[in-house]
Amino acid sequence: MEIRFAKEDELERVNVLRKQVNDLHVEGKPDVFKPGFNDDLRDHIYDIWNDPEQEIVVADVDGIICGFAVVHHIYKVENPFMYERDFIDVDEFCVDESFRRQGVATEIIAFIKDYTREKGFKRLELNMWEFNRGALEFYEAVGFKTFRRYMEVFV
C-alpha cells in the first residue's frame, strides 16, 4: 500500500469514492443531503485540486485508488471570543467498501498526521455526522477526541 498525494488523472477514481460518501450521507441524513452525484459535486474535486490550501491524499493498493482524504489548511483570526486558530482539517474521507478493515484508513490518517506535523501545525481536526457510528469508532481508535458538538431539535 502506498499513501501519497493524488495525481490529477486519479481524480475520477476519487470521485467514485466521493459518491460512496455522498450516498452514505443521503441515507443517514436525507433532510440535509441531496440525492445523486450531480455535475457540481463531481466537478468540485477540481476546485479542491486547484486550491493551494487543500491537498488530496490517496491510498494506492496495486494500482487501485482505494481510499482518499481531502486535507484543508484553515486559518481563523483572533477575535474577541477566541484566539487565533491555524490547523489542518480533514474535510472528506473515504475507504472503498471492498477495502475496509484492511488498515487503509489507519495508514491514511498516519500520513495526514505526519503531513500536519511536517507543516508545523499542532492540531488536526475533522467533523463527522453522528449517524456514522462506524466512523466515530474509527476516529476515536486513531486518537481523535470530541471537543465540540452540534445538536438539533425539530420544531
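1. Partly exposed here means a relative accessible area between the buried limit, under 20%, and the exposed limit, over 50%. At 39% relative accessibility, Gly-36 therefore counts as partly exposed. The model is predicted, and the points below should be read with that in mind.

2. Gly-36 sits in the loop that connects helix 1 (11-28) and helix 2 (39-50). Leaving aside residues up to four places away in sequence, Gly-36 touches Asn-22 and Leu-41.

3. Thr-116 belongs to helix 3 (residues 104-118). Its relative accessible area is 4%, so Thr-116 is buried, the cut-off being under 20%. With residues up to four places away in sequence not counted, Thr-116 touches Ile-88, Phe-121, Arg-123 and Leu-124.

4. Strand 2 (residues 54-61) pairs with strand 1 and with strand 3. Four bridges link strand 2 to strand 1 (residues 2-5), and the two run antiparallel. In this pairing Val-58 of strand 2 stands opposite Arg-4.

5. Between strand 2 and strand 3 (residues 64-76) there are eight bridges, again with an antiparallel arrangement. Ala-59 stands opposite Gly-67 of strand 3. The two strands form a hairpin with two residues between them, and Asp-62 in the turn has a positive phi of about 50 degrees.

6. As to burial, strand 2 is mostly covered, with seven of its eight residues buried. In a regular strand, side chains alternate between the two faces of the sheet.

How values were computed. Residues numbered from 1 in each chain as written. Predicted model: local features only at pLDDT ≥ 70, side-chain atom pairs only at ≥ 80, totals over all residues. Heavy atoms only, no water. Buried < 20%, exposed > 50% of the residue type's maximum accessible area, 1.4 Å probe, protein only. Pairing = 2+ DSSP bridges. Contact = heavy atoms within 4.5 Å.
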